[in-house]
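Dear colleague,

I am passing on to you the structure that we spoke about, and I would be grateful if you could look through it with my notes beside you. Please take your time over it.

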Amino acid sequence: MTEAADLILTNAEVHTLARPDETHEAVAVNRGRIVRVGDAYDLDFLSGVDTRVVDCAGRVVLPGFIDAHTHLDILGQRLVHADLSGAESRADALDRLRDRAAAVDAGDPVVGFGYDESTWPEADYLTRADLDAVDAAGPVVAVREDLHVVSLDSTALERWGEDLPAAGVRREGGEPTGVVVEAAAGAVLDALGPDAAGMVDLLRAAQDYANARGVTGVHDMVRGGHAPRAYRDLARDDALTLRVRLNYWADHLDALVETGLRTNHGEGLVRVGAIKTFTDGSLGGRTAKLSTPYSDAPDERGEWVVTPAEFRDLFDSADAAGFQVAAHAIGDEAVDEVVDTFVGESSATPGGADPGGKRHRIEHAELASDRAIDRMAEGGVVASVQPNFHRWAGADGLYADRLGDRRTETNRLGRLAEVGVHLAFGSDGMPVDPLVGVHHAVNAPTAAQRLGVTEALRAYTLGSAYAGFDEDRLGTVEPGKCADLVVLDGSPWERPGGIDDIDVSLTVVDGAVVYDDR
Ligand SMILES: [Zn+2]
């Protein structure tokens with residue numbers, strides 16, 4: 001006799017997103033696992049007195065989205081502090097900071113997250129003079145969307161300026177402009193970081209936001225010391241509603257090795273992921289390392305945040321200790337450097353192949369050359385890319401300014417998929433919203449940058465699962481897999497030009513409904 005299901009989603013258009021993608025009318029779940037997919041009539045027999053039956057009214061059901069590159073503490077900060085991500089001009093951003101200044105206790109930091117000056121009429125970073133005009137009692141800090149650039153007012157510069165790495169503090173005529181980049185920006189973010197209890201609050205706010213957008217799992221690039229503990233505390237208290245892989249900042253490597261942790265350790269919802277490191281910076285900050293100059297700064301080719309020699313040392317230690325490595329590389333020169341390190345200087349390995357099965361990852365890989373893409377495919381390297389970055393790739397976008405015609409060579413999702421690179425999709429928090437990412441993947445400027453609807457959805461589910469060694473447990477709607485599911489209010493296949501407008505109706509993590517907006 002078959003055990004009754006805990007949960008049945010029925011009267012639906014269930015896409016397995018397996019290969020090939022099959023559709024069914026219903027999916028049954030028991031004890032956190034998918035037990036059956038099939039006809040509504042057949043699955044009805046699994047319904048018992050305690051079964052929760054959800055009539056999906058014809059809606060699309062997919063495997064839950066896995067955001068393979070995110071920063072939920074930053075999302076939490078953005079939800080708690082001023083959100084500058086929607087600001088339409090410099091004045092609008094400053095108004096938002098003024099509203100925030102009125103809301104905090106006098107003297108407390110006034111912080112805004114997520115500004116993107118490239119969408120403003122006056123496309124310059126916020127400066128000290130701008131932020132001084134907010135006229136707050138405490139320091140004023142505005143963090144650019146990419147986290148590589150932070151703007152400070154005079155009070156903030158007085159408080160933290162002395163301790164920041166001098167190389168990252170931009171000056172004009174000897175005076176700091178208020179703009180700090182890279183390591184200096186990171187140091188400001190560290191100084192603003194919450195305490196342990198504050199981190200739990202931030203992550204709770206962030207996971208609710210993520211669940212409401214269909215996210216059931218994240219690979220979080222945890223930076224500070226509190227997030228790993230906060231996630232494990234939430235899991236212990238049965239309050240975690242996401243599957244989390246912790247990708248630890250490289251400074252934690254020694255401590256991780258010493259405590260005996262390595263990639264894939266852990267059980268339940270929280271597991272150990274990769275060691276995360278940088279190589280270069282960002283295109284927005286003109287710090288991504290290019291082989292030829294920036295179009296809007298002919299003397300600049302970007303900079304190393306972590307030098308190739310340091311990166312190779314780190315890679316050797318992390319790889320030898322059994323860690324997957326997730327290396328940030330955006331400019332073509334940085335991507336080449338990482339590929340050469342991951343795959344080896346010579347292409348002596350016949351047939352290619354990721355010998356240790358470590359699935360090393362390049363985070364972003366935005367300007368990967370043809371050669372780099374081919375070598376990634378051969379060497380089994382995972383491309384952890386952010387399709388939402390395509391919103392800067394249009395003819396009038398930021399990438400046209402920075403790169404000229406090379407804008408069409410950024411994030412070539414179609415090309416990566418075509419040659420067989422493992423594609424994992426993430427948001428980098430800009431914003432956390434997989435359907436926005438899928439929309440950009442499907443509607444990218446050129447064919448080489450584009451993916452079809454099914455492939456784009458797969459990259460955000462099965463592809464991200466693969467990047468986290470989870471393809472046997474997650475990423476498709478098939479019996480035996482974990483019951484991480486999302487119900488959409490519209491079909492991406494029916495409206496490929498408006499995927500970003502589709503709402504999430506219901507989200508299920510580990511068999512439990514964590515979001516319901518039907
Ligand atoms: Zn990131």
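**The largest pocket**

The largest pocket has a volume of about 810 Å³, and please keep in mind throughout that this is a predicted model. The lining of this pocket is made up of 46 residues, and those that lie nearest its centre are L147, G186, R223, W249 and F278. The elements that each give two or more residues to the lining are α2 (72-80), α6 (183-192), β18, α10 and α13 (398-403), and of these α6 gives the most, with four residues.

H69 belongs to strand β8 (residues 65-70), whereas D428 sits in the loop between β22 (422-425) and α15 (434-442), so the pair ties together parts that are 359 residues apart in sequence. H69 is buried, with a relative accessible area of 1%, and D428 also counts as buried, at 11% relative accessibility, because the cut-off for that word is under 20%.

**Strand β16 and its partners**

Is strand β16 enclosed or open? Seven of the seven residues of this strand (residues 243-249) are buried, so β16 is largely enclosed by the rest of the structure. Strand β15 (residues 215-222) runs parallel to β16 and is joined to it by six bridges, and within this pairing H219 has R245 of β16 as its bridge partner. Strand β18 (residues 270-278) likewise runs parallel to β16, with five bridges between them, and here R245 stands opposite R271.

**T287**

Where is T287 to be found? T287 has its place in the loop between β18 and α10 (308-320), and this residue is buried, with a relative accessible area of 0%. The side chain of T287 makes a polar contact of 2.7 Å with the side chain of E182.

With kind regards

Methods: Residues are numbered from 1 along each chain as its sequence is written. This is a predicted model: local features need pLDDT of at least 70, side-chain atom pairs count only at pLDDT 80 or more; totals for chains, interfaces and linings use all residues. Side-chain values use heavy atoms; hydrogens and water are left out. Buried means under 20% relative accessible area, exposed over 50%, partly exposed in between (1.4 Å probe, protein chains only). Two strands pair if DSSP finds at least two bridges between them. A polar contact is a pair of N or O atoms within 3.5 Å; within protein, one must be able to donate a hydrogen and the other to accept it, and residues adjacent in sequence count only if both atoms are side-chain atoms. On a 1 Å grid over the protein atoms alone, a cavity is a set of points where a 1.4 Å probe fits but cannot get out, and a pocket is an open set with protein on both sides within 12 Å along at least five of seven lines; lining residues have an atom within 4 Å of a point. Grid points are joined across faces, edges and corners, and a volume is the space filled by probe spheres set on the points.
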